[in-house]
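Visitor: I would like to learn how to read strands, helices and cores in a model such as this one. Could we go through it feature by feature?

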Amino acid sequence: MNKKDALFEFGFCLFFVLLTAFPVQAQHRLADGAETQYRRSSLYSFLIAHPQAKYASQIDYVYLGLPTPDKYEDHNLNVRRVEALSGRAVQPYEITAFLQGNQVARRLVAKWFNRDADGVFNVDLVADRGNYNASEMDVVEARMTKRGLAMLSDAGEELIGNTFVTVNDIVYIDKEQRAQLASAILQIVAQAALVATAAADDDDTEAIAGAIAGSAALGSIIADNLAGFKVKVTTHLYQLVWNDSIANLFYSDYWVDENTPEAERLRRKALFDQSDLFTLKYLGKYKVKSEKTVMKGVHSNEDIIRKVCARAMDRNIVGLQKKFEAFKVKTPVIAVENGRVVAKVGKKEGLKPSTKFEVLQPVEREDGRMVYRRVGVVKPQKGQIWDNRYMAFEEQSDGSDLTATTFRTISGVGFVPGMLIRQLK
């Protein structure tokens, strides 16, 4: 190996060390105890991919690895990624056409009732998510009693009707950072060459120190460029349409269980497969540009892209919750300490000291339907807001060492674990 090659290899190795010199720390995970059972909305999300765009494959990879937000039930279908036909942003009418053409609403209903290849349904998932007694939810028997009908209606309103689809269009914002990064690499290689030359020729300690300082500065430039990775995320929101008339037709015309005669099962199966009864309603969209990424705790390009995309999508979820009442989530109160409410909700959900939440008491009526009664209002306690954003613990941000947020009371008394909180406008 000649001297020139040796110097280049030295420079490349130094560059690599600078890129990977960020502290590595395991993702902080908490062992949760038994949480209060409550009814979450259900969510199916997928990505609009732009395969010709920069970082497209990396964005696809990290997106598909992100979990469903923990305040929603995972109702994902097999298709999680759809390629755009052009490089431009996809319009709502194009997404609507795709959803209709692929019978997504019907597939969501089929998933709710665990429909199998023979067209047979059951209520196991509905009973589990709604905290119902599965035997009482038996559709044939439930439709014969007033209480049973009320329970089916309640399940439809609280669960099936609160099924949402989020379509995430993620595009990398190109600020010519690759050109800047390439320039920084060349400069750092030159600085590394100075280090090697000084060490080999005259052992000039001052020259070596100056070159290393220059390399450190250029390493900072590289870190800034990596931290400058930005995306624009547009999230489109749809809601499954489910009401009493749709439910009645579904149960009377399409329902198939193990006791349905073969000929009738085949007829009903064909009816369901061809039905256009089920639809998705477009609610609207929310768009954000990612914020500057804090590099602390990040040690790979994959981490950067995942952190940027995860936090941008979380901000979109928060924005959509503020715009659309139906999309808001309820969070259970896990503890009440000295009159202060504690709940597992935090900065990922957009919490600030000024954010107000109503405290709700769930009440099951005699007919089996659930209603929610407001019993008070609370606000996050300053300095006690949990930072549960993606990789916040690695970043060591304020509040990332907490496990929940503590709220102070604005109005109301008698709060107990098991009540729910929901953000006010």
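Visitor: How many bridges join strand S4 to strand S5, and do the two run parallel or antiparallel?
Guide: The general idea is that strands of a sheet pair through backbone hydrogen bonds, in either a parallel or an antiparallel manner. In this predicted model, S4 and S5 (residues 231-240) are joined by nine bridges and run antiparallel; within that pairing, asparagine 168 has threonine 235 of S5 as its bridge partner.

Visitor: Which way does strand S1 run relative to S4?
Guide: Strand S1 (residues 41-49) runs parallel to S4, and seven bridges join the two. One of the pairs to look for is phenylalanine 46 with valine 167, the latter being the partner in S4. As for the setting of S4 (residues 163-172), this strand is mostly covered, since nine of its 10 residues are buried.

Visitor: Is threonine 234 buried or exposed?
Guide: Threonine 234, which lies in strand S5, counts as buried because its relative accessibility is 13%, and the cut-off for buried is under 20%. Its contacts, leaving aside residues up to four places away in sequence, are Val167, Asn168, Asp169, Lys285, Tyr286, Lys287 and Asn316.

Visitor: What does valine 82 touch?
Guide: Valine 82 belongs to strand S3 (residues 81-83) and, with residues up to four places away in sequence not counted, touches Phe46, Leu47, Ile48, Ala49 and Phe98. Valine 82 and phenylalanine 46 are 36 residues apart along the chain, yet their C-alpha atoms are separated by 7.5 Å. At 16% relative accessibility, valine 82 also counts as buried.

Visitor: In what order do the strands of the barrel follow one another?
Guide: The barrel is closed by six strands in the order S7-S8-S11-S10-S9-S12, with antiparallel pairing, and from one strand to the next the twist averages 50°. To look at one pairing in detail, take strand S10 (residues 370-380) and strand S11 (residues 405-411), which run antiparallel and are joined by four bridges; here valine 378 stands opposite threonine 409 of S11.

Visitor: Turning to helices, which residues of H11 are buried?
Guide: The general idea is that an α-helix has 3.6 residues a turn, so residues three or four places apart point the same way. Helix H11 (residues 262-274) has 13 residues and reaches 19 Å from its first C-alpha to its last, close to the 18 Å expected at 1.5 Å a residue. Its buried residues include Arg265, Arg268 and Phe272, and these three cover an arc of only 75° around the axis, which puts them on the same side of H11. The face turned away from that buried side carries the exposed residues Ala263 and Gln274, while helix H4 (104-112) and helix H10 (244-254) are among what covers the buried residues of H11.

Visitor: Finally, how many residues make up the largest nonpolar core, and which have the most contacts inside it?
Guide: The largest nonpolar core has 46 residues, and those with the most contacts inside it are Phe113, Trp242, Phe250, Tyr251, Phe278 and Leu280; H4 gives the most to this core, with six residues. Apart from it lies another core, of 19 residues, including Tyr172, Phe229, Ile304 and Ile305. If you then follow tyrosine 251, you will find that it touches Phe113, Val139, Arg143, Leu152, Trp242 and Arg268, residues up to four places away in sequence not being counted.

Notes. Residues are numbered from 1 along each chain as its sequence is written. This is a predicted model: local features need pLDDT of at least 70, side-chain atom pairs count only at pLDDT 80 or more; totals for chains, interfaces and linings use all residues. Side-chain values use heavy atoms; hydrogens and water are left out. The expected span of a helix is 1.5 Å times one less than its number of residues. Buried means under 20% relative accessible area, exposed over 50%, partly exposed in between (1.4 Å probe, protein chains only). The arc is that of the directions from the helix axis to the C-beta atoms. Contact means heavy atoms within 4.5 Å. Two strands pair if DSSP finds at least two bridges between them. Axes are lines fitted to C-alpha atoms, for helices over the stretch in contact, and angles run from 0 to 180 degrees between N-to-C directions. A nonpolar core is a set of buried Ala, Val, Leu, Ile, Met, Phe, Trp, Tyr and Cys residues joined through side-chain atoms within 4.5 Å.
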